[in-house]
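Please open the structure in the viewer and keep the selection tool at hand.

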Amino acid sequence: MRLQLLWAYQKSMDLSQQGTSLNYHFQTAALVIQGWAEVRQSTSERLRAEAGQWLIFKQGKRWQEFSPDCELLSVGYRFQLPTGEALYDQGLPIAFFASDHPALEREGRKVLRIMEQYVGAGFLLSKQVVDMRHYLLSQNALRSFLIELACALHTHSIRPQTMQQEDPRIVSALEIINS
């Protein structure tokens, strides 16, 4: 498994970035604090989350739009199989009420506090220097968040994918990497 925290922030959204379609090699969980957020991914219809709802984006190509007053608590992460595929993919994107899963917001805010306290702006940048203790604290907070996210997704009948190991070259490459 590959678990990696990329960012955590709470802010009003930059409307200049919306309406573009980008390919993301990670996933995002966003709690809409105010306004609304909308996403379309692959063949899915537009999905809108209103204030008080979580919007869980899938990995891959994404088109997104935000209301002018949109404010999000956003956690960007990798929750992937060794092949780079997202562990949770089928059934996403999804929106659900935060009140149905209060522990998810609680853990998301812990991630946010740690990022703000030890990292600053909320993004773990590749050139950024963070001491090992604080880096591991942030990754540990992500793990607690992902436990709650997995519980919420299971409640909505979204299950993890299994790694496809039919291609012997992939199995061999993974054995080499893991050794």
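A residue is called buried when its relative accessible area is under 20%, exposed when it is over 50%, and partly exposed in between. The model on display is a predicted one.

Begin by selecting cysteine 70. This residue has a relative accessibility of 1%, and because that value is under 20%, cysteine 70 counts as buried. Next, select cysteine 151. Its relative accessible area is 43%, so cysteine 151 is partly exposed. How many disulfides are there? With a disulfide taken as a pair of cysteine sulfur atoms within 2.5 Å, the count is 0.

Now move to glutamine 59. This residue sits in the loop between strand E6 (53-57) and strand E7 (60-66). Is glutamine 59 buried or exposed? Its relative accessible area is 18%, therefore glutamine 59 is buried. Display its surroundings: leaving aside residues up to four places away in sequence, glutamine 59 touches several others, including Tyr24, His25, Phe26 and Gln41. Then select glutamine 80, whose side chain is joined to that of glutamine 59 by a polar contact of 2.8 Å.

Finally, select methionine 132, which is located in helix H2 (residues 132-155). Its relative accessibility is 57%, so methionine 132 counts as exposed. Select Tyr135 and Leu136 as well; together with Met132, these residues make a nonpolar surface patch of about 300 Å².

Technical notes: Residues numbered from 1 in each chain as written. Predicted model: local features only at pLDDT ≥ 70, side-chain atom pairs only at ≥ 80, totals over all residues. Heavy atoms only, no water. Buried < 20%, exposed > 50% of the residue type's maximum accessible area, 1.4 Å probe, protein only. Patch = residues over 30% accessible without salt bridge, like charges linked within 9 Å, V, L, I, M, F, W, Y side chains within 5 Å. Areas by Shrake-Rupley, 256 points an atom, 1.4 Å probe, with all protein chains shown as cover. Salt bridge = Lys/Arg side-chain N within 4 Å of Asp/Glu carboxyl O. Helix = DSSP H or I, 4+ residues; strand = E, 2+ residues; numbered from the N terminus. Polar contact = N/O pair within 3.5 Å; in protein donor to acceptor, adjacent residues only side chain to side chain. Contact = heavy atoms within 4.5 Å.
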